[in-house]
Amino acid sequence: MGRTVTGAVDPVVLYVSGGNTQVIAYSEGRYRIFGETIDIAVGNCLDRNYGSFTYDNSIAYVTYRGDPAAEAPIEADTIPARADHDLSTTVLVDSDGFSKNPNFLGDAFSGCLNFTSSTTLHGKVTVWKVLKHKATTISTCDISVFTKFLNATSVCKSKIKF
């Protein structure tokens, strides 16, 4: 799909779906999964509060050392009160942009590529179906893709503004 959609000769794909993330690339004549992780902020939300959060369409951005690497659409939805809710999207990483970063070769040879994802969701919090207030959530994740060990990890932080 990466070749067809972007015309890239040798794309690296970061696939994110319901908290499952895979790094996929073409190697040795076939597509291979080079890393996989579970549970990043774009993928899963747990609302422990008594208020639901309805948010508008948005975009998740992924960068490599400040250089744009990917964008992913996030469709408008509602996170129910006191519930676990999946957010699914697919991210196609554009390695043409960030592979020119002067740190890329050193990071690639070390076996670890560090990405940052950021997502801002604008919406409305509703408590007990009576109280309504505008709110914005901001989530950032530091994602490390370990090419030597074929896995990835992430550490995420989120905050809400009313």
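Q: Which residue stands opposite Val-62 in β7?
A: Ala-70 does. Keep in mind that this is a predicted model.

Q: How do strands β6 and β7 pair, parallel or antiparallel?
A: Antiparallel, over seven bridges. Strand β6 covers residues 58–64, and strand β7 covers residues 67–74.

Q: What do β6 and β7 form?
A: A hairpin, with two residues between the strands. Arg-65 sits in the turn and has a positive phi of about 50°.

Q: Ok, salt bridges. How many does a search of the whole structure find?
A: One. The side chains of Arg-65 and Asp-107 meet in it, at 2.8 Å from N to O.

Q: Which parts does that pair tie together?
A: Arg-65 is in the loop between β6 and β7, while Asp-107 is in helix α3, residues 104–110. So the pair ties together parts that are 42 residues apart in sequence.

Q: Is Asp-107 buried or exposed?
A: Buried, with a relative accessible area of 11%. The cut-off for buried is under 20%.

Q: And what does Arg-65 count as?
A: Partly exposed, because its relative accessibility is 45%. Partly exposed means between the buried cut-off and the exposed one, which is over 50%.

Q: New topic. Which residues form a nonpolar patch on the surface?
A: Trp-128, Val-130 and Leu-131. Together they have about 390 Å² of accessible area.

Q: Where is Trp-128?
A: In the loop between β10 (112–127) and β11 (131–146).

Q: Is Trp-128 buried or exposed?
A: Exposed, with a relative accessible area of 63%.

Notes:
Residues are numbered from 1 along each chain as its sequence is written. This is a predicted model: local features need pLDDT of at least 70, side-chain atom pairs count only at pLDDT 80 or more; totals for chains, interfaces and linings use all residues. Side-chain values use heavy atoms; hydrogens and water are left out. Patches are made of residues with over 30% relative accessible area and no salt bridge: like charges are joined within 9 Å, nonpolar side chains (Val, Leu, Ile, Met, Phe, Trp, Tyr) within 5 Å. Accessible areas come from the Shrake-Rupley method with a 1.4 Å probe; for residues, only the protein chains shown count as cover. A salt bridge is a side-chain nitrogen of Lys or Arg within 4 Å of a carboxyl oxygen of Asp or Glu. Helices (H or I, at least four residues) and strands (E, at least two) are DSSP runs, numbered from the N terminus. Buried means under 20% relative accessible area, exposed over 50%, partly exposed in between (1.4 Å probe, protein chains only). Two strands pair if DSSP finds at least two bridges between them.
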